[in-house]
Structure formats: C-alpha cells, structure tokens
Amino acid sequence: MAVVSWYFIVILLSWTMLCLAEGKLLYHDFHLREKNFTRLCVTSSMLVVNDQLPGPTIYVQKGDTMLVNVHNHASYGVTIHWHGVKQPRNPWMDGPVYVTQCPIKPGMNFTYEVKFSDEEGTLWWHAHSDWTRVGVHGAIVVYPEEGSTYPYPRPHDAEEILVFGAWYTSDVNLEVIESGGSDQPGSNSYTINSQPGDFCPCSREGTHRWEVEYGKTYLVRLVNAAMNAELFFSIAGHNMTVVGMDASNLKPFETTYVVIEAGQTMNLLVTTNQEPGQYYMAVRQCATGEATSDFDKTNVTAILQYNGSITPPSSVPYFPMFLPDFYDIYAAVSFRSKLKSLYPQDAYVPKNVTTRMYIIANFQDYKVNDTSNFTITTLNNVSWVNPGVDVLQAYYYNLSGFYTDDFPDNPPTFYDFVAIDLGANTTFASLGTKVKVLEYGEEVEMVFQSGNVLNASADHPMHLHGHSFYVVGSGDGDFDFVEDPKTYNLFDPPKLTTATIQKLGWLAIRFKATNPGVWLLHCHVERHYSWGMNTVFIVKNGGTPETTIRGPPPNMPVCDDPFSINLKGLNDSPFYSEYKAL
C-alpha cells in the first residue's frame, strides 16, 4: 500500500501544479471477485467488478482524469483496458495483457490513471486478459466539457444505457483452457444489461425494462460487450437517429435498425411518440462467421414501457418489424455505408501518407509436425504469440529477445484472397511476436482484406489502441490498388476506434501516429483475437517532452511466464510445446 499511496501523492502533486486547468480528478475503486448469477435456469459463478453485472458505469467530462484502483480478489491474473481512451503518452495505463503490462496478480492491486482528451460520447472499460471480459466490463459516459453541450438538439435529461453481452452457463475461461486452444466455446444466449429477456428460459422476470414518458427525446447509449458477435438492434414502432459512435460525433441519420460491431459503442436519439404501451427492444446476431450454421440464435429482448400505460398481464409487447435476419449481411453493409463525421474532416484526414500497409486477415493452419496441425488466425500470415515480458517494458528498457520489429507491410504472396477453396500453398502460416515501428508523426494507411483461406472469411471488427482513425473506404472482393482509392471519402469519413472488415471484402483506414508508445491492433472478436489476429504498433518519441512517452509508474505488475497463467497445466500439449519453443 505504501507504493500505491506514494503514486497517489505523485499524481495529486502533478494535478495541483496544473491547478486542475484540464478538468477534474476523479477516483474509483474496482474490486474484482466471483459472484453467483442465475440465468437460463442455471446458477454459475462469474468474475465481476463491485458485485455488478454489467460493472459500474463511469461518468466523466471531456478533459477529466480518473484514478481507478483495481483490487484483484480472483484466483488468476487480470488487466483492465479503457476502450477508446487514447491515454496520451501513457501506454502504461492502456491494459492489454503482455502488450503494455503483465497481469495484476491474485491478492494484489494496481492503480490506473485514465486521461480523457478529445473523447466525447460513450466508451467502455473491460478486462483485457484471457476471456475474463465476459463479466468484467462496464460503460463510460463522457459528457461535453464544462460550458459546452451536445452538437445536436438537447435530449430529455434522462438517458438509457444498454450494454449487450454474452452469457455462458459454464466457466468460459475453463472451457478455453481445457480445449488447449483447439476450439472456443459458443455463448448460450446474448443479453441486454445482463438479462436474456422474455424469449429465453427462466428469464422473463429479470427482463430489463426502460420506462419512458410520452413525447420526449432520449439519448440511448449502446455498448457491444459480447465476446464474438456483431449485433443487430431495433425498437418496435420507434425510429432511431444515430448521432455518435466510439465517442465521436456523426452526421445524424434516421434508421429502423442498427448494427453494432463487437467492441463498438453508439449514441442514438429516440423519440417516444407511439401509442403508450410496451415495445420490445430486440438484439440478434449478424452471422458472417466461418460456421454460420452453429452460432447463438437467441432473440434477446428488453422492454420499452411508457409510464402510466395500463397493459393487461396477458398482453405481449410489440416486436420490431425491421430487425434484420441473422444472415442479412447486406443490412449491415448498408448501415455502415451511412456513417459520416458530423463536420468536414478534410483538414485532418492524412493526405501525405508515408506508410502504406495491406493486411490480410485470415484463418489458417499451423503445422505442428508431419501428422498434425491446428487452426490459428493471422495478419499477413503471422499469428501473434504473447512474450514473457510485455512489449512495452521490453521496448522502454531496450530488452532484447521478446519481440522483433519485422511485421510485414504486405502479405508474403498475392493471390485471389476471396476465392473459394484456395490451394494448400495458402493454408499454412507462422507464429511470431512481430511489431511495426512508426516514426512520430507518420501518416499511415492500412487496407485490410478479409481472406478466405479454409473458406472461413468473416467480418473482423479491427480495434486500434491509442489512436482514432478515419474509415476512408470499404468494399467487396479483392482490393483494387488502382481503382478503389478513387472511391475514398476524404471529406467527412467517420472517425472511429473500431471498424469492420466485411466478409470477402476490404476496409481502408488512415491515421496519424502522434501518440508515442506501444499500441495494440487486434480483431475484437475474442475467438479471432485469442487465436492470434493481432499485432502491435510502436510509435517512437517525437522531438519534444510533449511528444515523448511518459515514464513507468512505480507499481507496475511483475511479469510471469504467460503460458503458466493462460494454459494452467497443459504443458504437455502440442499447442503449448510449439509456442513455448519460440
């Protein structure tokens, strides 16, 4: 505790020197412990924060800083990530395990300093180690800074936060461990604010209800905390106006449904102008994955209920007429095509691109020996392997042997990436801890391609830590290096932190590397991420103190071998021995 107290004193002194000119300093305590929950007629234990599911909502204003003291009462290590918060110059507080820190050990605590800079809207926090975020997550509400307001008509004072999650009746981390990495569990249902809703067994009494008044406009904040799915959402009888995503304002547009990717957040305006009664708010999966016949097909519901409405107990709420079908990929593509920034961004979108990358996201095989192999996920034929010391420590202290700086800008070979039944020469890939190093201020374009090796092309929601990026283009098929750039939107592209490579298609983003540090890039589908669909950017220091990475805090968690934590005794499996030999 002495170290933690000393760290608090350092922070407080720093804020005193700044005279709080940049916002307020806030404090939170997170206690992580197991708690029993009963859903779908089964009682099971889950790790949560402060005995809440979803975890506590954090309320801040733009420019604030908060200190969150995380106490780990679990039996295994945990880290917390502040999703969409850029953490200027301070990657030590970003949270992804073995990238910027090692786990907070059982019985220990660690204080995160979270600085909100240009974010405004809805974000979220979640565990970033193993599959622990299934229960360790919550919303972050970032209000406009003092004296400012929303860039759209002020909604009614009341707001509604809807956190979409995934429910497993078993211990999901244990299932992953026992599989030895060969497969990943599927959820038993999705949830809205931890409840499966009326159409799931033993769930009707817990269905989340949102009471509204007639004739009001409400701000609805969505968080997709589900482990492995992009989700459709619709409200019976009510249109929605999309006004923000990933804590960035969008040009408002009206819609009868939305699609929200794994890891994304969204702000909606909803006007309660229908006949008083009860209306279902419904969620179902948008199924684009490699096994579309085997996925969670629950229709998850909450209820929008008008105050004072008298509804007979036997009556059934209205169900959304415009909720897309599970397989309606084009509904998702159509929705994403409407996303544009609220204001022109042409002055900010990088035009002098100095680094161009073409990254193929694939399922591939890794050859263990002449008779066996297992499936991995890759970026440019490389599947990420966690090092024994986090990349940030290794970079900051110039420790060798933990990563290499040769992540490829292009795939090793070019072929028709979206073809059916691709040949065996495209199948096998390699393991590695390969990073991409960027000079401070570099302007980067990344074109992602969803490959179809193993006939397993799928949507991949790609999340970049430490930066926002502009989504300048997307499309079907293989990217055309001559024609497709002519279609880029460089005037008002959406500014996001998570965006989707569509199945059998491509996505183009641009960003400027102005946040020195070590920053993770990964698919936010946990199945894809845990199989290796990620890499790391190292952004070097600029030439001034204001463009230089901050020094480490005095109480960083100590590193152990990641395999002893993640595989817990499966030392004799081929999966373990191959990774361990690297």
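Visitor: Is C202 buried or exposed?

Guide: Buried means under 20% relative accessible area, exposed over 50%, and partly exposed in between, with a 1.4 Å probe and protein chains only. C202 has 58% relative accessibility, so it counts as exposed. This is a predicted model, where local features need pLDDT of at least 70, side-chain atom pairs count only at pLDDT 80 or more, and totals for chains, interfaces and linings use all residues. Residues are numbered from 1 along each chain as its sequence is written, and side-chain values use heavy atoms, with hydrogens and water left out.

Visitor: Which cysteine does a disulfide join to C202?

Guide: In general, a disulfide is a covalent bond between the sulfur atoms of two cysteines. The cut-off used here is a pair of cysteine sulfur atoms within 2.5 Å. C202 is joined to C41, with an S to S distance of 1.8 Å. The link of C41 and C202 is right-handed, with 90 degrees about the S-S bond. Helices (H or I, at least four residues) and strands (E, at least two) are DSSP runs, numbered from the N terminus. As for C41, its relative accessibility is 46%, so it counts as partly exposed.

Visitor: How many disulfides does a search of the whole structure find?

Guide: The search finds two. Besides the link already described, a disulfide joins C102 to C559, with S to S 2.0 Å. This pair links distant parts of the chain, 457 residues apart: C102 is in the loop between β5 (80-83) and β6 (109-115), and C559 in the loop between β32 (534-539) and α6 (562-566). The torsion about the S-S bond of C102 and C559 is about 90 degrees, so this disulfide is right-handed. Both C102 and C559 are buried.

Visitor: What pattern do the disulfides of the protein chain follow?

Guide: Count the bonded cysteines along the chain, and the pattern reads 1-3, 2-4.

Visitor: Are C286 and C523 buried or exposed?

Guide: C286 has 2% relative accessibility, so it counts as buried. C523 is buried as well, with a relative accessible area of 0%.

Visitor: And what share of the protein chain do buried residues make up?

Guide: Buried residues make up 61% of the 582 residues. The chain has seven helices and 32 strands.
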